[in-house]
Amino acid sequence: MTVARTICLGFLAVILAGTLLLMMPFSTSNGMWNDPVVALFTSTSAVCVTGLAVVDTGTDFSFIGQLLILMLAQIGGLGYMTTTTFLILLIGRRFDLRQKVAIQQALDRPGMSGSAQIIRSIIATTLIFEITGIFLLIPIFVQDFGQDKGLWLAIFHSISAWNNAGFSLFSDSLVSYQSSRIVVFTIAGLIIFGGIGYQVILDIFLWAKDKLLKKPNVVIFSLDFKVATSTTLILILLGTLAFFLIEIRNPQTLGNFSFSDQLLLAFFQSITTRTAGFNSIDIGNMTDAGLFITIALMFIGASPGGTGGGIKTTTLRVLTSCTKTILQGKEEVLLYDRKIAISLILKAVGVVMGSLATVTIATIIISLTDPKLEFIQILFEVVSAFATVGLSTGITGSVSIFAKLILIITMYIGRVGILLLMSAMLGDPRPSRVHYPEENLLVG
């Protein structure tokens, strides 16, 4: 039982427990037993913080069912090992070396020191942002739905947004609030900070603390911070510009809005596309070019250590830096005057190739099982599932049962990570003293 297997089996255990609970009559709005496939799909989508849904979350599930979905999304956003370790800390137990290694791998940290402190910081950060989001959303939802329902809507959407889960209790997601600045910017802020990674937020906190206390020491931001923040900002700006230019003449998405609302909608779509899953426009009415841009942004995803999926922003930057190095005829891959290790480059290549293989296989299988669906719709759905986004062109509930099972597997692979899953299947690599001769190969 390696660490990778512990994490993968832990996620499976939470998914199965959620499935059993969501099948119960108290989880459905009609008080009847739920369809096992619907319960399994919903539980997987929640634990994998995806947001794809085969039924309407707001009407088909009771309050208890919605609460269970929210709890599963919270566990999935924090991660199985983070949640387990936090529970161990709550009951006063100390965790051993094996658990420290698991935390290191789950959070992709360079070392094992300070594991208890980082878990506490993650929980505290989560609570601060989620409570802030709740208080910002309460005035809007209470005004529209009353005190009790408005409070529940604020709680549900704040937690769902922070965990990049994408679940909404509105049948049209956030289309009804597409022009509400408070709702749009609150959800967008939660999505950005939830997906950018806890280490980046911690660096920002330490920098702000030193500035407020006017300490003479200059905070040196880590390479993770520089890469994650700069790449996130570039993707948001490029995505906003792309959606604005592509969809501005489409009357079913941006065409009938004012200039300021068009920019707002394009901005929100650029943010939510990268693993959040909320939508303020009808995805099914987007142009093919808009859908393809969405697929590309979904595939990239969020940053390491965050609640989102995808191949991650750092993977993209490492590969683009490799390409730049080759084009310039250099031999060292540099990022912000720092040399990137060969092991990280190989890891980035492995992530991309494994992700492409997963998406390709899932798309081919669903194309065979559901031949009546358009290819762009199938590819969109598969990438959305793998990158744990949750956006859909509207075909999730209508695909065959076998296609739903394929999407469930795809969501699971996307959440645990392709490299971690392969490590769980193959076991830890054994060191070898055998070295083979090097030889040239024609490439390109």
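Helix α15 passes helix α16 in a right-handed crossing (near helix turned clockwise from the far one by less than a right angle; helices are DSSP runs of H or I, at least four residues, numbered from the N terminus). The model is predicted, so local features need pLDDT of at least 70 and side-chain atom pairs pLDDT 80 or more, while totals for chains, interfaces and linings use all residues. Residues are numbered from 1 along each chain as its sequence is written, and side-chain values use heavy atoms, without hydrogens and water.

**Exercise 1.** Find how α15 and α16 pack, and which residues meet.

*Solution.* 
- Step 1. Locate α15 at residues 342–369 and α16 at residues 375–386.
- Step 2. Their axes (lines fitted to C-alpha atoms over the stretch in contact; angles run from 0 to 180 degrees between N-to-C directions) come within 9 Å and cross at roughly 135°.
- Step 3. α15 is therefore oblique to α16 (under 35 degrees is roughly parallel, over 145 roughly antiparallel, 65 to 115 roughly perpendicular, the rest oblique).
- Step 4. On α15, the contact (heavy atoms within 4.5 Å) uses S355, T358, V359, A362, T363, I366 and S367.
- Step 5. α16 brings F375, I378, L379, V382, V383 and F386.
- Step 6. Sort this contact by class: nine nonpolar, four polar and no charged residues (Ala, Val, Leu, Ile, Met, Phe, Trp, Tyr, Cys and Pro are nonpolar; Asp, Glu, Lys and Arg charged; the others, Gly among them, polar).

**Exercise 2.** Describe the packing of α1 and α2.

*Solution.* 
- Step 1. α1 covers residues 3–23 and α2 covers residues 36–47.
- Step 2. The angle is about 135°, and the axes lie 8 Å apart.
- Step 3. α1 and α2 are therefore oblique to each other.
- Step 4. α1 passes α2 in a right-handed crossing.
- Step 5. From α1, the contact takes F11, V14, I15, G18, T19, L22 and M23.
- Step 6. From α2 come P36, A39, L40, T42, S43, T44 and V47.
- Step 7. The α1–α2 contact holds nine nonpolar, five polar and no charged residues.

**Exercise 3.** At what angle do α11 and α14 pack?

*Solution.* 
- Step 1. Take α11 (residues 223–247) and α14 (residues 313–327).
- Step 2. The angle is about 90°, with axes 9 Å apart.
- Step 3. α11 is therefore roughly perpendicular to α14.
- Step 4. V227, A228, S230, T231, T232 and L235 in α11 meet T313, T314, L316 and R317 in α14.
- Step 5. By class, this contact has four nonpolar, five polar and one charged residues.

**Exercise 4.** Which residues line the largest cavity?

*Solution.* 
- Step 1. Search the whole structure: one cavity of 30 Å³ or more turns up (on a 1 Å grid over the protein atoms alone, points where a 1.4 Å probe fits but cannot get out; lining residues have an atom within 4 Å of a point).
- Step 2. The largest cavity has about 80 Å³ of space (filled by probe spheres set on points joined across faces, edges and corners).
- Step 3. N164, I191, I192, G195, I196, T232, I271, R274, A302 and S303 form the lining.
- Step 4. Helix α9 (residues 181–196) gives the most, with four residues.
- Step 5. The lining divides into five nonpolar, four polar and one charged.

Notes:
Helices (H or I, at least four residues) and strands (E, at least two) are DSSP runs, numbered from the N terminus. On a 1 Å grid over the protein atoms alone, a cavity is a set of points where a 1.4 Å probe fits but cannot get out, and a pocket is an open set with protein on both sides within 12 Å along at least five of seven lines; lining residues have an atom within 4 Å of a point.
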